[in-house]
Amino acid sequence: MTYNDYFRSTSSLAGCDPSTYASRLDDPAYAPPAIDPRVSALYDRAWTPSMMKLASSAEHDDSRDAFLARVEKEGVGVAGAGLMGISIAASFVNAGIPVLSRDVSEDAVASASERLERELAALRVNQGQALAEPEAEAQTRRDLVARYFRASTDVAELAKKPVVVESVPEKAKIKAKTYREIESCATRPLLLLTNTSSLTIGELAATLPAESEGRAVSRERFASFHFFHPATKRRPVEIAVGEATSPETTRRAYLLAKRIGRVPFVVGDSHGFLVNRLLQAYLNEALALVEEGFSADALEAAAIRWGMEAPPLRIVDEIGCDVSLHSGWSFLKAFPERTVPSHLLPDMVREGRLGRKTYRGFYAYASHTPWKNDVSSSPDCEIAKFRDKPFSEGVEPPFERLLLATLLEAGRLVEERVVGSLRECDAALVLALGFPATRGGLCYWAFSLGLKSLLKRCDELAARNGARFIPPESLRRLADSLPEIDQ
């Protein structure tokens with residue numbers, strides 16, 4: 001039995017109508033890229049319970065959906081005009097949906113249109129929409145901004161929209177304050193979506209009234225709408241639902257993501273949801289190796305040789321060392337037994353080395369342009385002063401640890417029912433985190449190599465490195481259920 005055979009035999013979960021499941025394979029939004037035949041496995045996914053509810057409530061023609069018609073006419077509000085807020089606004093504007101961007105900063109509001117136009121330029125290139133003639137393309141972008149975008153400091157205007165996507169700083173108190181401001185100005189029910197990546201939906205929903213209270217904002221009409229950095233290249237949107245989130249809210253968020261050309265992932269509630277749980281395991285192990293004395297340069301090179309779109313420390317810089325540190329603290333609180341506290345990041349943040357946005361982090365940069373190839377120094381040079389001891393020159397860092405730590409987290413996500421299958425984890429890794437599609441996904445790779453042998457290797461690592469390498473029992477059972485020939 002191969003990886004594909006195994007998952008084909010378990011592709012529909014209990015309670016999911018097979019014909020409904022099969023129809024998803026005809027959805028153009030899930031058509032695999034023509035890179036490698038194994039990639040098709042990433043899109044033939046089992047569904048989470050939330051997605052099953054969604055299927056039963058969305059059997060009508062999406063093109064005539066009253067909710068989408070209202071959104072297309074009245075537009076959406078985006079709370080926060082920072083880097084990700086502008087990226088989110090660009091996705092709607094490019095789809096011809098009006099956007100009102102609201103920010104408390106007058107400077108952010110004043111520069112919003114200019115920044116949005118730059119974001120549109122990158123988005124349209126990556127989606128293959130850019131016109132061949134540069135001046136015609138520039139005029140198209142200007143027309144889109146003029147027709148569909150406006151920025152303001154007025155929360156009352158924001159609260160008039162049928163949908164508000166919140167993208168304010170990742171602090172629960174700031175988000176709760178924003179929700180209260182929106183609710184106090186809204187005169188009719190609205191759909192409130194959050195771009196959070198480290199707070200849980202349950203935690204944020206607890207600050208909202210129940211729908212039975214008759215308020216414009218409610219926990220039943222609340223879910224995540226999480227984009228990935230850089231949003232101009234990453235198509236997925238993560239729709240995480242809490243215990244109170246209604247099926248209709250899930251359906252509307254799903255249709256909204258589809259309407260703007262995104263690939264929706266409906267997942268359960270958890271710290272980091274699906275994608276950031278996987279990313280945190282990957283980055284946490286990378287930082288641990290560097291602090292153990294392995295060469296940062298060699299680690300980055302190993303990731304590139306493996307085929308990763310970007311190496312781990314470069315990802316930290318682009319996210320922001322301060323953001324990565326804050327996220328790490330959140331995961332340390334949620335999963336203390338398998339999160340390694342970083343001593344390197346706090347020292348870097350104290351010195352103002354926040355990554356790309358301050359021109360220095362693990363690398364030195366010549367501009368603020370995200371992911372631009374303008375690196376002028378290596379990680380080992382940049383962090384030399386923060387090391388307690390010289391790194392081990394000439395010793396190849398065990399990159400396998402990053403892969404195995406991430407694989408085990410994928411197993412835990414399925415075991416905890418955050419997602420319905422390992423295939424969903426593979427799709428998230430390829431589409432949202434730049435895992436090499438030609439390897440078919442991390443779980444595909446593990447099955448191809450032999451899951452049982454990899455779990456034995458994890459047991460060896462657990463003896464030296466602790467609980468983060470202890471395989472979940474569900475993966476052990478899965479390995480034991482496969483024919484010995486595959487191991």
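Predicted model: local features only at pLDDT ≥ 70, side-chain atom pairs only at ≥ 80, totals over all residues.
The protein has 487 residues, and 58% of them count as buried. Its secondary structure consists of 22 helices and eight strands. Contacts across the sequence can be sorted by how far apart the partners sit along the chain. Among those between residues at least 6 apart in sequence, 73% join residues at least 24 apart.

Strand 7 spans residues 236–241, and six of its six residues are buried, so this strand is largely enclosed by the rest of the structure. In a regular strand, side chains alternate between the two faces of the sheet. For strand 7, one side carries Pro236, Glu238 and Ala240, and the other carries Val237, Ile239 and Val241. The residues on both sides are all buried, and both faces of the strand are therefore covered, given that buried means under 20% relative accessible area. Strand 7 is joined by six bridges to strand 8, residues 263–268, and the two strands run parallel.

The crossing is right-handed. Helix 18 contributes Thr406, Ala410, Gly411, Leu413 and Val414 to the contact, while helix 19 contributes Leu422, Cys425 and Leu429. Of these contact residues, six are nonpolar, two are polar and none is charged.

Two residues in loops complete the picture. Ser167 lies between strand 4 (163–166) and helix 9 (172–185). Which state does its relative accessible area of 13% give Ser167, buried or exposed? Ser167 is buried, because 13% falls under the 20% limit. Apart from neighbours within four places in sequence, Ser167 is in contact with Ala79, Gly80, Met84, Gly85, Ile88 and Asn195.

Gly352 is in the loop between helix 16 (344–350) and helix 17 (379–382). Its relative accessibility is 34%, so Gly352 counts as partly exposed. Asp322 is 30 residues away from Gly352 along the chain, and the C-alpha atoms of these two residues are separated by 9.0 Å.

Key:
Residues numbered from 1 in each chain as written. Heavy atoms only, no water. Left-handed = near helix turned anticlockwise from the far one by under 90°. Helix = DSSP H or I, 4+ residues; strand = E, 2+ residues; numbered from the N terminus. Contact = heavy atoms within 4.5 Å. Nonpolar A, V, L, I, M, F, W, Y, C, P; charged D, E, K, R; others polar. Buried < 20%, exposed > 50% of the residue type's maximum accessible area, 1.4 Å probe, protein only. Pairing = 2+ DSSP bridges.
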